[in-house]
2 protein chains.
Amino acid sequence: MSASDFCFSVGVREMKILLTNDDSIQAKGLAVLWSELKEIAEVVVVAPDRERSATGHGITMDIPLRAEKSYLFDGKAWAVNGTPADCVKLAVNCLLEEEPDLVIAGINRGSNLGVDIFYSGTVSGALEGIILGFPAIAVSVTEYLNPDYRYAASFTRKLAPKVFEKGICKDTLLNINVPSIAPEEIQGVEITRLGRRKYINSFEERVDPRGKAYYWLGGDVVDSIDESSARDTDVASISKRKVSVTPIQVDLTNYRAMETLRDFFDDLS
Amino acid sequence: MSASDFCFSVGVREMKILLTNDDSIQAKGLAVLWSELKEIAEVVVVAPDRERSATGHGITMDIPLRAEKSYLFDGKAWAVNGTPADCVKLAVNCLLEEEPDLVIAGINRGSNLGVDIFYSGTVSGALEGIILGFPAIAVSVTEYLNPDYRYAASFTRKLAPKVFEKGICKDTLLNINVPSIAPEEIQGVEITRLGRRKYINSFEERVDPRGKAYYWLGGDVVDSIDESSARDTDVASISKRKVSVTPIQVDLTNYRAMETLRDFFDDLS
């Protein structure tokens, strides 16, 4: 399916969107995004039955998956006991009557910038869309405790038909991060690359009532001034109160390294 | 720490390796690799307490992590109730007395080729090493049921000091796949890019004793003739009974797409 197979005038009403997330089927960010998207497309929601944040691109192989039909989202929804990647895989293979035109994951509560994307269930949902051959978008807002989803939702509503019409570069998803501020305070949109976030104090060690140590994963993010002012990065855009749009590719081969390595391995084989 | 900070003559004996996997601390592939590596380095094992295959780059945030000291591996080992990424993070932040020179994950039972790497706990362990700033290697053999680890183990033993000495390209891990055949049948080593595997029949639908449907994730891999004969791919190397060495980068930005997208977004902000 190439972008040129479609004409906008055919009617965006016909666009079919598979919507997922990692905060669970009862997350507010999912509901807010659905309310916008249902105005322009046929939307089916297939989302985890509980929070599956930080599951990375995990899939469930040791227990069987269940898909419970939900009354939410006009009854076009399933809750799955799996990860976002499971949801997309199961939706496309078993639940949907027709293939989606677009896979959207979000709106995630909390940003997915820089290396965050490796841990992110939200990005993973979109990635599974790409792996299965569909254009895909991941959307996050930068606030965890009291997020403002409004701009992220309306922006995605404008973006979806454009992606449907024009397509995205092959094997590439769009990772969108939106400042969690009032829509009128958003300072624009930037096309970005992944920044380099650093986390410190990753673990907090505690002792249980029986005297044994345990560790809570925590970690404060430290975006240095260098990073916040770095050219073109998602981290920098967010710090300027702008929306960041980062194209993420599926092919992780480091092609430049291939040449270097050929010398490296001369005497190994 | 750059490659040039080290001289091979300082003695590879001093090399410190953090070893992990996703098949659990009691997996044979881990033991076989450890037996080789302990001859050339100080090895500490920090591995999941149970199989954590296909966990992708998941990390554990909803329960605390525990690290049980193990008598295995000369007592320099911990079993962690988490994913391979958790293991590496916890090892570096809390368990190891000194930073490792190299993080190695494996030997995995079953190949990690093409898009497999997104789901792979093994690759994820190495990736976490890179994210934390250490050179890293992921090693897998292509057989699940009755794997031959011998060549993979001896190859990694030869490779580790070279990586220690020369370094790998920045922010890049080496993903090694080794045919599960007798060492003398291995046809050489190739530097490769990620191939494109396709899976079909992803789910098997069954009905439980109460009449409700459930789904087992399965999936047969289909490496088409095109793919097996494609130039430079990991899939093709394995089909020729060669070891594949694929450099994998952490930066997933699609830089070429950034330009295209700037036009795309002209009328969106």
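Domain bounds here come from an automatic or database domain assignment. On that basis, chain A splits into domain 1 (3-195 + 230-264) and domain 2 (196-229). Taken over C-alpha atoms, the centres of domain 1 of chain A and domain 2 of chain A are 27 Å apart.

A word on the model and its conventions. This is a predicted model, in which local features need pLDDT of at least 70 and side-chain atom pairs count only at pLDDT 80 or more, while totals for chains, interfaces and linings use all residues. Residues are numbered from 1 along each chain as its sequence is written, chains are lettered from A and ligands numbered from 1 in the order in which they are written, and side-chain values use heavy atoms, with hydrogens and water left out.

Start with the contact between the two domains of chain A. Domain 1 of chain A brings 13 residues to it and domain 2 of chain A brings 8 residues, where contact means heavy atoms within 4.5 Å. The buried area is about 710 Å², and carbon and sulfur atoms give 48% of it. Buried area is the accessible area (1.4 Å probe) that two parts lose on being put together, summed over both. On the side of domain 1 of chain A, the residues that lose the most area to domain 2 of chain A are Gly195(A), Ala230(A) and Val235(A), together 53% of what that side buries. What holds charges across this interface? The rule finds 0 salt bridges between domain 1 of chain A and domain 2 of chain A. A salt bridge is a side-chain nitrogen of Lys or Arg within 4 Å of a carboxyl oxygen of Asp or Glu. The rule also finds 0 residue pairs in polar contact there (both at pLDDT 80 or more). A polar contact is a pair of N or O atoms within 3.5 Å; within protein, one must be able to donate a hydrogen and the other to accept it, and residues adjacent in sequence count only if both atoms are side-chain atoms. Helix α7 (residues 234-239) of chain A gives the largest share of the domain 1 side, 3 residues. Helices (H or I, at least four residues) and strands (E, at least two) are DSSP runs, numbered from the N terminus.

Now turn to the two chains. Chain A puts 75 residues into their contact and chain B puts in 74 residues. Together they bury about 7,200 Å², with 67% of it on carbon and sulfur atoms. The rule finds 8 salt bridges across the interface of chain A and chain B. In one salt bridge, Arg66(A) pairs with Asp208(B), and their closest N and O atoms are 3.0 Å apart. On the chain A side, helix α8 (residues 255-264) gives the most, with 7 residues.

Over all chains, the salt bridge count comes to 34. Take Arg241(A) and Glu185(A), whose side chains meet at 2.9 Å, N to O. Arg241(A) sits in the loop between α7 and β13 (243-249) of chain A, and Glu185(A) in the loop between β7 (172-178) and β8 (189-191) of chain A, so the pair ties together parts that are 56 residues apart in sequence. Arg241(A) is partly exposed at 38% relative accessible area. Glu185(A) is partly exposed too, at 33%. Buried means under 20% relative accessible area, exposed over 50%, and partly exposed in between (1.4 Å probe, protein chains only).

In chain B, follow Glu190(B). Its salt bridge with Lys240(B) has closest N and O atoms 3.4 Å apart. Glu190(B) lies in strand β8 (residues 189-191) of chain B and Lys240(B) in the loop between α7 (234-239) and β13 (243-249), so this pair links parts that are 50 residues apart in sequence. Glu190(B) is partly exposed, with a relative accessible area of 21%. Lys240(B) is partly exposed at 41%. Glu190(B) also forms a salt bridge with Lys242(B), at 3.1 Å, N to O. Lys242(B) lies in the loop between α7 and β13 of chain B, so its pairing with Glu190(B) ties together parts 52 residues apart in sequence. Elsewhere, salt bridges that share partners join Arg231(A), Asp232(A), Glu259(B) and Arg262(B) into one network.

Gln249(A) lies in strand β13 of chain A. Is Gln249(A) buried or exposed? Gln249(A) counts as buried, at 18% relative accessibility. Its side chain reaches the backbone oxygen of Asp251(A) at 3.4 Å. Leaving aside neighbours within four places in sequence, Gln249(A) is in contact with residues including Asp171(A), Thr172(A) and, in chain B, Gln249(B) and Leu252(B).

Finish in the nonpolar core. In soluble globular proteins, nonpolar side chains tend to be buried together. A nonpolar core is a set of buried Ala, Val, Leu, Ile, Met, Phe, Trp, Tyr and Cys residues joined through side-chain atoms within 4.5 Å. The largest one has 71 residues, and Val46(A), Leu173(A), Val46(B), Leu90(B) and Leu173(B) touch the most other members. Not counting residues up to four places away in sequence, Val46(B) touches Leu18(B), Leu19(B), Thr20(B), Trp78(B), Val80(B), Cys87(B), Ala91(B) and Leu95(B).
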